[in-house]
Amino acid sequence: MASTERSDQQTEAGSNAKRASYRSGFFFGTLSFFAVATVGLISTIVTSRLYGVDIIGQFALVYAPVAGLWIFSTVKEQQALIKEITGLPPRDPRVTQLFAAVFTFSLGLTVVVALLDALACWLIFRGPVNAPQLVAPAFATIAGYVIVTNTGWNIDSILAAFVAGRQIFWVRLHEVVSFLAIAVVAAFLWRSVWGLVIAIVGGWLTSFVHRVIVVRPFVRGRLSWAEYRTGLRVLPELLRFGLKATPGMIAQGASQQAGIWALGTVAPVAVVGAYSRAQTIPQRLQQASNRITEVLYPTLVGRHTTGDGHGFDRALIDSIRYEVVGMLLIAASIGGAARSVLDLFGPGFARASTALALLALFPVLASITLTQTQALWATNRPGRTSVIALVRVVVTIALLVVLTPSVGVAGPAIALLAGYVAVVVLSGISLRPTLSRPLRATWPLRERIAVVVAYATGFAAARLIEQAIPSKFGLLLSLPAGTAVYAGAFVACGGINARDRRRLGDVVVWVRSWLAQRATSRGMEPAVVQPAVVQPATQGQVHD
């Protein structure tokens, strides 16, 4: 036992791991967004063309039970774990104790829910959906989730708690690149829904190995039975926090997945495939944007705990600002050129162009609600998020029932957005007393109007060019035109403030410093590096 302790102490002493700042985490989260979104978009186009609209529709149905499993197999124990270990040093024994206890519960719950999920697949695919051939691939995907993905997401909790943005960036990029590579190879060997199943499980597996490697500096690999029991004694307290947030997350997930099921019962599989691809583009953008905010939660916890009201406001509101500005820029370009974008995927996908124009706004609203939810968790109000999410699911399901049969493929998109709007409004009202300053002080009305004007003009520019030149060449013009018009309108209407300019200056200083270090390490003269690289402008702002 003593030798084990000495070994752990030596490992800890030799480790350079430390908790990064939110600024660092936000930077790598932003980098992850662009990288993952770019690879994800390429992957969406390539797999659509290789597999076709029918197989894509089958995969959407196969993956839907896994999305349901993700929703129902958690009581937000990972968020409770992050909250508990925020502030602990890397490789602290308590980190391993709590992780082991939470993982034990998470695995057990996931196995139980997976069995029920598999039973539901058997009944639904052989019944209302009338696709018994999809039962086996659905079972394989569920098994991959239970064994690999659930474990990997528990590891991500450790990385997020220590704001390990750099490590998370490489893991996420690895996952999407490996999926694309495996999917391309599988398409030539086995052009069926099984090719995509193998690709997604393979991506999970290879990135899981990567996670195990990069998490080692933050958590010990050894755990005695006594330490394990110590962690289990804390588990009920962690679960009490998570249980309050669980109904809301279940309702949120059900609202997001209900559109596929609604279309699957009233429309052919090709329509489901077209809608799923229209939804996949915004979903990939939303998942990529989550990489920016996954390090926000421990930051909000720390600032709320220390009573740093202004710091809490900056982290919350500026995160929302940057997400909205970036997501609306993409929504304007993609939404305006929706038909041409879907034409890239091949025949049959363009029927969902109206849905894509609407769903392009989904990442914007989703990023706002995720950030608001993390703020409510950080201020110990997880129950409030559940109440708000239940309102959302009522709004979404009611509109799905009414609109899907009458409006068609655009109906689920309208229902999804309406539910998100309800969450944004109710969460904003709930967070108002938490803020140390009114919203107009942190995000003035003029800056908010600038974002709306920029989106409207960018969307119009992309749509006009698409209609004037209805071809792939028109798409190559409409996307950059929408982006340029959006950016110009945003700047002209006063969307950039003093904090933005200061942070942009810090980024320039950091890049120049990094280039100087690279030049020095290669034995080159570090040219054009001015003393500004050491100016104290970032003091007092390191936590922004």
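Is Cys121 buried or exposed? At 4% relative accessibility, Cys121 is buried. The legends below describe close-up views of a predicted model.

**View 1. Cysteines in the predicted model.** The number of disulfides is zero. A disulfide is a covalent bond that joins the sulfur atoms of two cysteines. Cys121 counts as buried because its relative accessibility of 4% falls under the 20% cut-off. Cys493 has a relative accessible area of 31% and is partly exposed, since this value lies between the 20% and 50% limits.

**View 2. The second largest pocket.** This pocket holds about 610 Å³ of space. Its lining is made up of 21 residues, and those closest to the centre are Gln372, Gly428, Leu439, Trp443 and Arg448. Four helices each contribute at least two lining residues: α11 (309–336), α14 (362–378), α16 (411–431) and α18 (445–468). Sorted by class, the lining contains 17 nonpolar residues, two polar residues and two charged residues.

**View 3. The largest nonpolar core, with Leu316.** The core contains 124 residues, and Ile158 and Leu316 are the members that touch the most others. Helix α11 gives the largest share of this core, 13 residues. Apart from this core there is another one, of six residues, which include Ala35, Val36, Phe169 and Leu173. Leaving aside residues up to four places away in sequence, Leu316 is in contact with Leu300, Thr371, Ala375, Leu431 and Leu435.

**View 4. Arg91, in the loop between α3 and α4.** Arg91 sits between α3 (77–85) and α4 (93–125). Its phi is near 65°, a positive value in a residue other than glycine. Most residues other than glycine have a negative phi. Arg91 has 7% relative accessibility and is therefore buried, the cut-off being under 20%.

**View 5. Asn380, in the loop between α14 and α15.** The loop that holds Asn380 runs between α14 and α15 (382–407). Phi of Asn380 is near 60°, again positive in a residue that is not glycine.

Terms used. Residues numbered from 1 in each chain as written. Predicted model: local features only at pLDDT ≥ 70, side-chain atom pairs only at ≥ 80, totals over all residues. Heavy atoms only, no water. Disulfide = S-S within 2.5 Å. Buried < 20%, exposed > 50% of the residue type's maximum accessible area, 1.4 Å probe, protein only. 1 Å grid on protein atoms, 1.4 Å probe; cavity = no way out; pocket = protein on both sides within 12 Å on 5 of 7 lines; lining within 4 Å. Points joined across faces, edges and corners; volume = space filled by probe spheres on them. Nonpolar A, V, L, I, M, F, W, Y, C, P; charged D, E, K, R; others polar. Core = buried A, V, L, I, M, F, W, Y, C linked by side-chain atoms within 4.5 Å. Contact = heavy atoms within 4.5 Å.
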